[in-house]
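Here's a quick briefing to read alongside the coordinates. Have the viewer open, and we'll go topic by topic.

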There are 4 protein chains.
Amino acid sequence: MVYENVVTKIYESLKQETGKGRVAQYIPALSKIDPNQYSISVCDLEGGTFSIGDTDKRFTIQSISKVFTLAMASKHLGDKLWDSVGREPSGTSFNSLIQLEQERGIPRNPFINAGALVVTDKLMSLYNKPKKAILEFVRENCGDQDIYYNNEVAKSELEFSYRNVALANFMKSFGTVEHNIETIIDIYCNQCSISMNTLTLAKSFLFLANGGVNPATEQRVVKSRTAKRMNALMLTCGLYNESGDFAYRVGLPGKSGVGGGIVAVLPGKLSIAVWSPELNVNGNSYRGIDTLEQFTTEIGISVF
Amino acid sequence: MVYENVVTKIYESLKQETGKGRVAQYIPALSKIDPNQYSISVCDLEGGTFSIGDTDKRFTIQSISKVFTLAMASKHLGDKLWDSVGREPSGTSFNSLIQLEQERGIPRNPFINAGALVVTDKLMSLYNKPKKAILEFVRENCGDQDIYYNNEVAKSELEFSYRNVALANFMKSFGTVEHNIETIIDIYCNQCSISMNTLTLAKSFLFLANGGVNPATEQRVVKSRTAKRMNALMLTCGLYNESGDFAYRVGLPGKSGVGGGIVAVLPGKLSIAVWSPELNVNGNSYRGIDTLEQFTTEIGISVF
Amino acid sequence: MVYENVVTKIYESLKQETGKGRVAQYIPALSKIDPNQYSISVCDLEGGTFSIGDTDKRFTIQSISKVFTLAMASKHLGDKLWDSVGREPSGTSFNSLIQLEQERGIPRNPFINAGALVVTDKLMSLYNKPKKAILEFVRENCGDQDIYYNNEVAKSELEFSYRNVALANFMKSFGTVEHNIETIIDIYCNQCSISMNTLTLAKSFLFLANGGVNPATEQRVVKSRTAKRMNALMLTCGLYNESGDFAYRVGLPGKSGVGGGIVAVLPGKLSIAVWSPELNVNGNSYRGIDTLEQFTTEIGISVF
Amino acid sequence: MVYENVVTKIYESLKQETGKGRVAQYIPALSKIDPNQYSISVCDLEGGTFSIGDTDKRFTIQSISKVFTLAMASKHLGDKLWDSVGREPSGTSFNSLIQLEQERGIPRNPFINAGALVVTDKLMSLYNKPKKAILEFVRENCGDQDIYYNNEVAKSELEFSYRNVALANFMKSFGTVEHNIETIIDIYCNQCSISMNTLTLAKSFLFLANGGVNPATEQRVVKSRTAKRMNALMLTCGLYNESGDFAYRVGLPGKSGVGGGIVAVLPGKLSIAVWSPELNVNGNSYRGIDTLEQFTTEIGISVF
């Protein structure tokens, strides 16, 4: 594959670069992870793939799951979804309540926690068994039936979900969410616990590089314009309060999770996933961002 | 030119679409503008241009000037500039002081007023005659020596610049700006009053579609990576608190001004400028955004 | 009683003054109340009482209950209580989360909802049966065993308590509260539903006008310095975001509830309770405040 | 004088208590002050006075001057003043712009900087020579013609007044102030520089303990109800973001300045001034507050 050399070179140059960040501490199940793990996978639209590093290890995708649920809700609701959630960068941290209060219970975008909870609430109206549907959606997109929830992580998150429960109750006081809050939180904690390796993760995002069509199955996942718009959202809001910096340094639509994963797409060309559990102060994998910055610098292509 | 038909079609379809917004009211010189004026210009990297509508009329570029001053400062300072101004979307209105207080006097990005004042302050260190230098920079980029400040508008803005004077003094209390505030504000009000038509405006942004090189003169304006990064900044922060929506609907890096102008670039291809003075609640030309949305929809290309 | 004439005069002058405000709308049980009801009761330290108007009607005391629970917690915890809740006016509305986020989960004072929830959480550590203990405390203070929770109102509040559940979960994420949130909310909604008339309400606050001693039973309720400090808190924080205006117009420590009751004390002299269900935009009884302003103007005495 | 013993005792017990705070650092003229200086003066309505400590030393009264200018403006404007400035505690620091933006340019109260600037702006409409008038007002109230502006301090404050200039410009953008900003700031910096010792300061506040009448001259300074209301404002807003704590611990209406002075009144009885330049994090004299807390504890009297 054409990107094999450049990815190998980046991997070698950053392999030793650990100790600058810290693995997520807020739940025991995440805090025990070996911080040195590191893998990269690239997939192109012609079916080529290349992976290097700890590619057989799985990590929980955490906030990356917000892209999957957004795709599922957008597919059914189209622009109606935007009555309940905005499309603007928040300028605040991912679990802030301040802006939510100032803006009368409507979250700024679907990639902050409040917005993702709204999307999950919508899935409860759209699917009889939303947990099953989410898993099927991910399996279908990466072509791997062997994708599961990590029950230990999901349970651990549920135990420490006071802030998300606060967000959901707060939005319920404004009427932004309608379903039972305990169920919303259960689904949300489970979607965050989906376990993938970088290869399945990169594969599962290829439809966003391909105008909404899964290139492996040639099935349409979302409309072409939905795919473009999801890329726009990832570019402006995908890395929490570091999205502007990521656009500036990397120049690709991407989404990060506190499990240490980041996935990005180059429309018309490829998807790339990185995993390295040490996070910077914004909750993003610091080596993941470095990897992606070197990647777009080396290949000389970004969306800009 | 290849875009002639599509632009003509859009122009015809939106020609009557007035009365939805309001021309800028905050200074007398702007409030008197005829709201029905409308023009579009497209320039490609091969030298092709097409203009339609009130293309001989000039308007003040207002906040669009922030891109020119940013280019000038970035050229000299490189990444050192980012010690004094951030690169993240603000999530608040363009002249807000709230975030500035919470973040100890460092503006969120160079496209909100506070950030632009910091950039202007930097130009005062870099140039003996910054007002002259700004004008020369713009003239050089659009290849037209007949570009001037609109003294009436500049004077009117100066008279009503209390909010910007507040921002500058506030930042001076934190040490973010160093020069005389009266002079900073004078330069800033003048740069906002630069008068252009859509054709010269589109031409002046072509270097950002061309990796930093002016395609007409083949002179390098800024480094390739600076051009890319400025595009990233425009995409995440270029339309005030509507930047996310613009990325979502239009999908191009762009910059707007309260004079009713918007300019956008498609890297590797073209630049496009629109002018229509009626603004929406976010201070952006509503017909300008509609025009650009139809343009990327019709040609089927955006950065995503 | 010496205040009989002045209170009668005020009552007559304001009897017709209705229609300026609105009864509380947020729960059905409160929104159905007859807005014209009006009563005033004054009690002095010598045992004199005077009541006029709908004095046999009971209303739910709502936020006034926060004074009772604060007295109970202060009695046991003394200044240790202030590790978990502040003593400063909030400058924001009674159920705001904004300040709570900025100040890391420590509520500004015990009279905003968040602060009252912290106090209720403390009572759960101090009493085996906190609901029973609260009722006994109120009965003891007013010398009337016939005081009960209004189950209909408590149930209605529980159903619409999303905002308070949000506050409690948010504080739990910071570790400010420790007990089961459902139980905290249940106790809180019940304490708000305590039903009293103006006479029993005025009696129950006499200990705060008497250095902490119930003048009827001569039993000490709280320390002298605690009584003084509770008065200081009522004066600075007792009427939500209208406390400054109340101090300015009335000049007495007081506490209001959205049931339409307000109670105030003149240290060393008397307590006075008013009830009129129509609320102003700050959630305070507008006729209640007018009544108390006329009262301190007529008798020519306030704490200032 | 009856308070001689108790004040002497407090003075002796706190004389050595230094090193806990820091003298004001924001202007050179204040940062050079000897931090060990300490004096207390009490004046009663019968003409009795007692002073102890560095009573011949003068200090700049800083924010205490806001009470004098408020009295002057209230005298002329009555309740009309409250169209331009609020009466509620701010819940934020004394020079914050955040709340000012949220509340459309109307400051929360006349004792935060923004509110005091509004009052100074009003004096410019009411007096031909406001600087002269302020000095005469203070001289008249303390019966000492030998009160002056400290030109060195005023000049130093003017040089570092960026934050106040920002506040004034910000309010001008909302139309809250009308006069020339440079002049407003000049008057404001001068009023802050008025130099007094604790005895003249205590004397100058006696009218607020005496229903608005200067007890020495028997001249009415402000209406009785204005005096009461100014006391209410001092109690709720007089010590910046520590007003609630001061009411709780001391229980008297008071006003502090960053020069280290605090003055308080016990209506119907006395006024007391303390000076000790070391400030706590809220900008209030820490030994000043300790002194006043001991004073009301020892004499067993407060407004509560």
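In which sense do strand 1 and strand 2 of chain C pair, and over how many bridges? They pair in the antiparallel sense, over 5 bridges. Bear in mind as you read that this is a predicted model.

- Strand 1 of chain C covers residues 39-44, and its antiparallel partner, strand 2 of chain C, covers residues 49-53.

- Over in chain D, 5 strands form an open sheet with antiparallel pairing, in the order 2-1-7-6-5.
- Strand 2 (49-53) and strand 5 (254-256) of chain D are the edge strands; each has a single partner strand, so one side of each has no neighbour in the sheet.
- Direction ignored, neighbouring strands of this sheet are turned by 10° against each other on average.
- Strand 1 (residues 39-44) and strand 7 (residues 270-275) of chain D run antiparallel and are joined by 6 bridges.
- Within that pairing, Ser39(D) faces Trp275(D) of strand 7 of chain D.
- Helix 14 (residues 286-299) of chain D packs on the sheet and touches strand 1, strand 5, strand 6 (261-266) and strand 7 of chain D.
- The direction of helix 14 of chain D makes about 145° with that of strand 7 of chain D.

**A helix pair in chain C**

- Helix 5 (residues 113-126) and helix 8 (residues 162-174) of chain C pack with their axes 10 Å apart, at an angle of about 65°.
- That angle makes helix 5 of chain C roughly perpendicular to helix 8 of chain C.
- The crossing of helix 5 of chain C past helix 8 of chain C is right-handed.
- On the helix 5 side of chain C, the contact uses Asn113(C), Ala114(C), Leu117(C) and Val118(C).
- Helix 8 of chain C answers with Asn164(C), Leu167(C), Ala168(C) and Met171(C).
- By class, the residues of this contact between helix 5 and helix 8 of chain C come out as 6 nonpolar, 2 polar and no charged.

**Chains C and D together**

- Rotate chain C by 180° with 0.0 Å of shift along the axis and you superpose it on chain D, with an RMSD of 0.0 Å.
- That is the relation of a two-fold axis.
- In chain C, the C-alpha nearest the axis belongs to Gly91(C), 2.3 Å from it.
- Both copies use the same surface, with 100% of the contact residues of chain C recurring in chain D.
- The contact puts 29 residues of chain C against 29 residues of chain D.
- Helix 12 (224-237) and helix 13 (243-249) of chain C each supply at least two residues of the side that touches chain D.
- Helix 12 of chain C gives the most to that side, with 8 residues.
- The side of chain C that touches chain D divides into 11 nonpolar, 12 polar and 6 charged residues.

**Chains A and B together**

- This contact takes 29 residues from chain B and 29 residues from chain A.
- On the side of chain B that touches chain A, helix 12 (224-237) and helix 13 (243-249) of chain B each supply at least two residues.
- Helix 12 of chain B gives the most to that side, with 8 residues.
- Sorted by class, the side of chain B that touches chain A has 11 nonpolar, 12 polar and 6 charged residues.

Conventions. Residues are numbered from 1 along each chain as its sequence is written. Chains are lettered from A and ligands numbered from 1 in the order in which they are written. This is a predicted model: local features need pLDDT of at least 70, side-chain atom pairs count only at pLDDT 80 or more; totals for chains, interfaces and linings use all residues. Axes are lines fitted to C-alpha atoms, for helices over the stretch in contact, and angles run from 0 to 180 degrees between N-to-C directions. Helices (H or I, at least four residues) and strands (E, at least two) are DSSP runs, numbered from the N terminus. Angles under 35 degrees count as roughly parallel, over 145 as roughly antiparallel, 65 to 115 as roughly perpendicular and the rest as oblique. A crossing is left-handed if the near helix is turned anticlockwise from the far one by less than a right angle, and right-handed if clockwise. Two residues are in contact if their C-beta atoms, placed from the backbone, lie within 7 Å. Ala, Val, Leu, Ile, Met, Phe, Trp, Tyr, Cys and Pro count as nonpolar, Asp, Glu, Lys and Arg as charged, and the others, Gly among them, as polar. Two strands pair if DSSP finds at least two bridges between them. Copies are superposed by least squares on the C-alpha atoms of residues with pLDDT of at least 70 in both.
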